[in-house]
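Thanks for giving me a few minutes this morning. I would like to walk through one structure with you, a piece at a time, so please have the picture in view while I talk.

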Amino acid sequence: MKRVVSISLGSSTRNKKAEIEILGEKFIIERIGTDGDLKKAVEMIKELDGKVDAFGMGGIDLYLSAGNKRYVIRDALPLKNAAKITPIVDGSGLKNTLERRVIKYIQQKGIVDLRGKKVLITSAMDRYGMAKAFEEEGASLIIGDLMFALNVPIPLHSLRLVYFLSFIIVPVVVRLPFEMIYPTGEKQLKMDSKKYERFYKEADIIAGDFLFIKRFMPEDLKGKVIVTNTVTPEDVETLRQRGVEILITTTPNINGRSFGTNVMEGVLVAIAGKKQEEMTTKDYEELLDKIGFEPRVEYLQKKGG
């Protein structure tokens, strides 16, 4: 039996452990939150190093990209360096493969006709593959990188502009304390439903990291489609109560929970027996084809409800 553990800087209230079988092999997958305590996360990784098959790095990315160049996030280095034996991944491999495939799947299966839809994507720099796939399927984008990560209330509408801005912004952002650009620990539980309400209302689809979505989520989301990753049963109920029509998670439903891309990438790396830096796009694509991962699609409103 293989074991994949995601050590997250996020809230421990979102912890989960599950057992699944993939390609005939049993996996225990687990998410452990450290409530924003980087030192505790490093200690956990050191303690489990060599005892598990793969680590996921949750609540923080290892890299941000500007064009074809990747920059290491400074605060993520202690986590990466703590794993001397076990491979450690941050989900970036799946963001550029699985998530792009999911958007194509939505259109091809007729789940949502994306042509002409307005999509609020919380961060295109974090999920460029997803954003690009939406654009290729005929959607128009409301890009929230400046709003959600840097607290600058200016939406963008061009991936070309995001691409060029990334060369200016990314080298600066990776040096900032990560908690300044992404909610960690108890900050993951705080919400401001009014701040960017008009952009949520303008969009037909809200897509991206769930904690970014949740942070500024309005009370009224009637008829909206959410495309995201990690959601708990409590998150799903919140979305239902706010009127969300369809919830789509890019990772599958496992025991009532959609785990993060870092966890599922850890599973793929454990199957492949490689480290993250050895994995190629072709490796991910071939494994995804073999496993047959399908997104979770949940219709949250009963007819007449």
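This is a predicted model: local features need pLDDT of at least 70, side-chain atom pairs count only at pLDDT 80 or more; totals for chains, interfaces and linings use all residues.

Strand S4, residues 54–58, is joined to strand S7 by two bridges, and these strands run parallel; two strands are said to pair if DSSP finds at least two bridges between them. Within this pairing, Gly-56 stands opposite Val-89 of S7. Residues are numbered from 1 along each chain as its sequence is written, and side-chain values use heavy atoms, with hydrogens and water left out. The element names come from DSSP runs numbered from the N terminus, helices being H or I with at least four residues and strands being E with at least two.

S4 and S7 belong to an open sheet of five strands, whose order is S2-S3-S1-S4-S7 and whose pairing is mixed. At its edges are strand S2 (16–22) and strand S7 (88–89), each of which pairs on one side only. Across strands S1 (2–8), S3 (25–33), S4 and S7 lies helix H1, residues 38–48, which runs at about 165 degrees to S1; the axes are lines fitted to C-alpha atoms, for helices over the stretch in contact, and angles run from 0 to 180 degrees between N-to-C directions. Lys-46 has its place in H1. Is Lys-46 buried or exposed? Lys-46 is exposed, with a relative accessible area of 55%, where buried means under 20%, exposed means over 50% and partly exposed lies in between, using a 1.4 Å probe and protein chains only.

Let us move to the other sheet. This open sheet has six strands in the order S9-S8-S10-S11-S12-S15, again with mixed pairing, and its edge strands are S9 (140–143) and S15, each pairing on one side only. Neighbouring strands here are turned by 20 degrees against each other on average, with direction ignored. S10, residues 205–207, pairs with S11 in the parallel sense over three bridges, and Ala-207 stands opposite Val-227 in S11.

Which residues of helix H10 (residues 233–241) are buried? They are Asp-235, Val-236 and Leu-239. Seen down the axis of H10, these buried residues fall within an arc of 100 degrees, so they line one face of the helix; the arc is that of the directions from the helix axis to the C-beta atoms. Those buried residues pack against helix H9 (210–215) and strands S11 (225–228), S12 (246–249) and S15 (296–299), contact meaning heavy atoms within 4.5 Å. On the other side of H10, Glu-234 and Gln-241 are exposed.

My last stop is Thr-251, found in the loop between S12 and strand S13 (253–254). Thr-251 is buried, with a relative accessible area of 0%, and a polar atom of its side chain lies 2.6 Å from the backbone oxygen of Phe-259. This is a polar contact, that is, a pair of N or O atoms within 3.5 Å; within protein, one must be able to donate a hydrogen and the other to accept it, and residues adjacent in sequence count only if both atoms are side-chain atoms. Not counting residues up to four places away in sequence, Thr-251 touches several residues, among them Leu-98, Asn-229 and Arg-296.
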